[in-house]
Amino acid sequence: MSAGRTATIKISTVFRIAGVSPRSQSTTSAFPRTAFRVASQAKHTQSRHFGNLFRPITRNRFQSLKHKSAQFLHPASRNARALSGQPLPQRRSFILNFAYRTAAIVGTGVGFVAVLFAAFFVYDATTYKESVNFGDCNVSMLALNPPRGGPKNLPIIEAMLDDDESEIAKERKHKPRLVILGGGWGSVALLKQLNPDDYHVTVISPKNYFLFTPMLPSATVGTLEFRSLVEPIRRILSRVNGHFLRATAEDVEFSHKLVEVSQVDAHGKEVRFYVPYDKLVIGVGSVSNPHGVKGLENCHFLKDVNDARRVRNQVMRNVELACLPTTPDDERKRLLSFVVSGGGPTGVEFAAELFDLLNEDLTRSFPRLLRNEISVHIIQSRSHILNTYDEALSKYAEARFARDQIEVLTNSRVKEVKPDRIIFTQNTEDGSLVTKELPMGFCLWSTGVSQAELCQRIAAKLGPAQTNRHALETDTHLRLNGTPLGDVYAIGDCATVQNNSADNIISFLRGLAFKHGKDPETLELTFSEWRNVASEVKRKFPQAVSHLKRLDKLFEQFDKDQSGTLNFGELRELLKQIDSKLTSLPATAQRANQQGIYLAHKFNKLAHCAPGLSRNEVRDGDVDDACYKAFEYRHLGSLAYIGNSAIFDLGSGWGFTGGVWAVYAWRSAYFAQSVGFRTKFLMMMDWFKRGLFGRG
Ligand SMILES: Cc1cc2nc3c(=O)[nH]c(=O)nc-3n(C[C@H](O)[C@H](O)[C@H](O)COP(=O)(O)OP(=O)(O)OC[C@H]3O[C@@H](n4cnc5c(N)ncnc54)[C@H](O)[C@@H]3O)c2cc1C
């Protein structure tokens, strides 16, 4: 081999090691020259130190060097070679590569899904039980033959059928009896936070499921299925090993600590019995407010799953009837005229969902004529719909409805509902009142809530302690006014928290003055004493905190005689002004939920305090106040769906609106609130189903 050839091989090796091609780099680029120089210098350096090692490269030596340098630079390829021993894969075309990779990914995916399916079937097979669980079980005679007693000599359910079933059940039977009336938002929140071991829990409700009401309008049009919104109460109760009685509470005998309960037996005969309690929680919700309007039997309501089912059937029935060729034009228009009476969140959300159904789904499978003749109307007594929301948000909702051709009739009051039309009065802009008629084929009555029958009965029984006509009054510890302290609580829609700080604090100060042998009317409070009174007001009435921020200003404002002190009259005036600023809490799931959680935490605390209290022989007095803080409502915002768009009112003037992304945010908020994994999963599937196949 010639010297020139040897040199070429050496240079090309160096270039390969440097990662460049000798031909392309030798002429133009500066880099290969540098590389060459570095390589030559390296050669000289090497020859200086390893002179005998540097010798002309033969072909064999070149192959060996090339292989070593490749191994040095790419150790992975060395491994690959060592592993396979096969020639390296040849370069394929881009299309072949793409096809190969796609097939690999799809194949892996299919394999993965197949493994998941197989795993599911294996699990599913384990859920079928062949063995039967018959056997002896303990049931107390008290449970089988309840003794009679109480004011009406009815059976008293002293023991439950499963109270002696297990050792744990036997232990729990001696715990304080906590009876909860109703299985709605308030009660379920309480059950979810209650310590499982502290109480013997019994829930009484005519319905054996919890209903996720905020999504009920979606169920009327098939966006969500009914079963996705309900959770069996027994399943929720299992966490606290509680008992469930499917029955209606009719009355409460406070002095005997008995709840009178009724149920219709298998022969249609009403049976009544008493359930004893140590602590009673009333959470029976509310009923639709009829506002004294005639003809409500021609309306639909939306309080329960059965209502939603009826609404769905009626909407579909009207649409099908409108499709008949024999249906006259006027009648078709009437059938397709949907009226919502009430522009609150429920009415608005229902109108929006109905519009979605008619606009997105029915146009696909029904004659187009129907879409042109469908009309949706909202009759609202106030000047805006969603009047509890920020005005800008309610205006946005109105504008959105105007775009969707949902007619909003504001300043209008329904007078009568006839089977085929609705009669209402409307305040016109010039101040006159005109009576109007609207032909309709469907009317939803959604104009607020009023007191349930049980609550009316209880309020009447408690007399002057209950003065509110709309709800049962409680103190800030949620104890029902007029009942022995710590026995009976009321939460949710059926109750309202009385913020009477003036009466409360004044009578407290009176007592204090008498105790110190002073005449309360001559009491004069200095600024520092007023500060102490204010902190007591804040502790007992947390809702008043925001109105007690500038104590110095209030002091100055109400010290009318500029004496530098507040006398009794001035203090009373000050506290009355604060009371007047406190509004009643909204009848929402959010409030009921917070009250349920509050009670659970308090009951847990009371159960822990109980041994200490009984050791110290503390049986009377304000134990709740001593052990736990008063209830404080925190408004987390109000949401409403308004048809492929949603509004969020976060309070204090903050809020936002948006299109589909806001709908997803709205869904996420409720999805997170949903009571269990089962309902979450079902809701998710329903939304998928709507996206893929429409509402059904
Ligand atoms: C369609 C609709 C949509 C709504 N949307 C929202 C919303 O988006 N956001 C929001 O915050 N709120 C919403 N609400 C309001 C919310 O549902 C109520 O504020 C909440 O349900 C009140 O909870 P509660 O525990 O007081 O009563 P409920 O949840 O109404 O539960 C009452 C329970 O008491 C039972 N009961 C009734 N009578 C008796 C009796 N005599 N004896 C024993 N049990 C009895 C009932 O069967 C029921 O289980 C909506 C309500 C409706 C109807």
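Colleague: Let's start with the helices. At what angle do α9 and α22 pack?
Modeller: In this predicted model, the angle between α9 and α22 is about 35°, and their axes lie 7 Å apart.

Colleague: Is that crossing left-handed or right-handed?
Modeller: α9 and α22 cross in the right-handed sense.

Colleague: Which residues meet there?
Modeller: From α9 you have Trp185, Gly186, Ser187, Val188, Ala189, Leu190 and Gln193. Facing them in α22 are Ala589, Ala592, Asn593, Gln595, Gly596, Ile597, Leu599, Ala600 and His601.

Colleague: Nice. On to the ligand: how many residues surround it?
Modeller: There are 34 residues around the ligand. The closest are Gly182, Gly184, Gly285, Gly492 and Thr588.

Colleague: Which helices and strands each supply at least two residues of that shell?
Modeller: Our two helices turn up again: α9 (185-193) and α22 (589-615) each supply at least two. So do the helices α10 (216-220) and α14 (345-365), along with the strands β4 (200-205) and β8 (248-253).

Colleague: Which domains does the shell draw at least three residues from?
Modeller: Domain 4 (175-206 + 247-289 + 448-498 + 595-631) and domain 5 (296-447 + 636-693) each give at least three residues to the shell.

Colleague: You mentioned β8. What sheet is it in?
Modeller: β8 belongs to an open sheet of three strands, ordered β8-β9-β10, and the pairing is antiparallel. β8 and β10 (270-276) are at the edges with a single partner strand each, so one side of each has no neighbour in the sheet. On average, neighbouring strands of this sheet are turned by 25° against each other, ignoring direction.

Colleague: How many bridges join β8 to β9?
Modeller: Five bridges link β8 to β9 (residues 258-264). Asp251 stands opposite Glu260 in β9.

Colleague: And β4, where does that strand sit?
Modeller: β4 is part of an open sheet of five strands with parallel pairing, in the order β7-β4-β3-β11-β22. The edge strands of that sheet are β7 (243-246) and β22 (488-490), each pairing on one side only. From one strand to the next, the twist averages 15°.

Colleague: What joins β4 to β7?
Modeller: β4 and β7 pair in the parallel sense over four bridges. Ile204 has Leu245 in β7 as its bridge partner.

Colleague: Changing topic to hairpins: how many residues lie between β16 and β17?
Modeller: Three residues lie between β16 and β17 in their hairpin. Strand β16 (residues 412-417) and strand β17 (residues 421-427) pair in the antiparallel sense over five bridges, and Val414 stands opposite Phe424 in β17.

Colleague: Last one: what does the hairpin of β27 and β28 look like?
Modeller: The hairpin of β27 and β28 has two residues between its strands, and Ser652 in the turn has a positive phi of about 50°. β27 (residues 646-651) and β28 (residues 654-658) pair antiparallel over five bridges. Across that pair, Ile647 stands opposite Thr657 in β28.

Definitions and conventions:
Residues numbered from 1 in each chain as written. Predicted model: local features only at pLDDT ≥ 70, side-chain atom pairs only at ≥ 80, totals over all residues. Near = placed C-beta within 6 Å. Domains from an automatic or database assignment. Axes fitted to C-alpha atoms, helices over the stretch in contact; angles between N-to-C directions. Left-handed = near helix turned anticlockwise from the far one by under 90°. Contact = placed C-beta atoms within 7 Å. Pairing = 2+ DSSP bridges.
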